[in-house]
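Subject: Structure for you to look at

Hello,

Here is the structure I promised you. Please open it first, then read my notes below.

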Amino acid sequence: MKHAHQIPTLPDVLAPDAGALLRLMSVMVDDELLGKIAVADHGWKADECLEKLKEIRKTHTVPAPLDFHVQEVLQLSRWSNPADERGHLLRAFCCATLIAAGGNRLNCDRLEGENINIALLLESLAPLPSRYQEAAVSLFSWRLDNACDAEDLPFFLLAILLTSLAAGPRFGGSVIDILADLLLASETAARNDERIVRQTDPAEPGAWLVGLTYFDQCEPVWRSFAERLRVLADLISQAPIRAKVRAIAGLLAPV
């Protein structure tokens, strides 16, 4: 069940856009990649799934409700282990489609554990050009105002922080500072939200963020982002903001 929450106000420069990342990837995700996704469920209804995936690629929008079999092959394919850029494009397309789907109320209750899609998308964006990071900022920002669960809000905010830092100079220090503050506040609010079902006590040492969810399959992936935060923090010229980002990295994976 999704839990309501107060929607944070984001800086306009983040440009919320559900289709931003799908539009960018549609040029690179060819029929061969879509075909690999379509056969993920042992080839079940592969031809039908392929046509529906092509329509998503063409329109940059996700149907609501999302076809069950298409959802299944997307969720199976997100667990692929990319070995090259095409593999990362395939997994990124799957995760971006699922995240966009979750922004519609007709889909969101069928798409639990969204932090999994966010983590795997972030992992596949890392080796891709920075323009993909910028498009992801728009997708993640759009989701905050569209069927975003209270449990998932801190994960989305960390994703926006990471992709904003990785995208380059468009997002200045003041934006990063606002995002860091929103992330810290939302994590505290979610930790104190008794409606959220969790695997572990979020008050346990080392449970910052990763202890907020029952769907913790990607805990190691989330913790791995701490090192990326530390590297990106070193590029921030303002010392207080740099220190704040490094502090978040320390909460995510204490050293």
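The structure holds four aromatic pairs. Rings of Phe, Tyr and Trp (its six-membered ring) pair if their centres lie within 6.5 Å; planes under 30 degrees apart are stacked, over 60 edge-to-face, and the rest tilted. Tyr214 and Phe215 form an edge-to-face pair, with 5.7 Å from centre to centre and 85° between the planes. Tyr214 has 42% relative accessibility, so it counts as partly exposed. Phe215 has 23%, so Phe215 counts as partly exposed too. The cut-offs are these: buried is under 20% relative accessible area, exposed is over 50%, and partly exposed lies in between (1.4 Å probe, protein chains only). Phe155, Trp222 and Phe225 form one aromatic cluster.

Two notes on the source. This is a predicted model: local features need pLDDT of at least 70, side-chain atom pairs count only at pLDDT 80 or more, and totals for chains, interfaces and linings use all residues. Residues are numbered from 1 along each chain as its sequence is written, and side-chain values use heavy atoms, with hydrogens and water left out.

Now Trp222 again. Leaving aside residues up to four places away in sequence, Trp222 touches Asn115, Ile118, Ala119, Leu122, Phe155, Leu158, Leu209, Val210 and Leu252. Contact means heavy atoms within 4.5 Å. Trp222 also belongs to the largest nonpolar core, which has 87 residues. Such a core is a set of buried Ala, Val, Leu, Ile, Met, Phe, Trp, Tyr and Cys residues joined through side-chain atoms within 4.5 Å. Leu21, Met25, Phe140, Trp222 and Leu229 touch the most other members.

Phe140 sits in helix H8 and is buried there. Twelve of the 15 residues of H8 are buried. Their cover includes helices H1 (20–26), H5 (85–101), H7 (114–125) and H9 (153–167).

Last, the whole chain. It has twelve helices and zero strands. Helices (H or I, at least four residues) and strands (E, at least two) are DSSP runs, numbered from the N terminus. Of its 255 residues, 54% count as buried. The C-alpha trace spans about 55 × 40 × 30 Å along its principal axes. Residues 24 or more positions apart account for 70% of the contacts with a separation of 6 or more.

Best wishes
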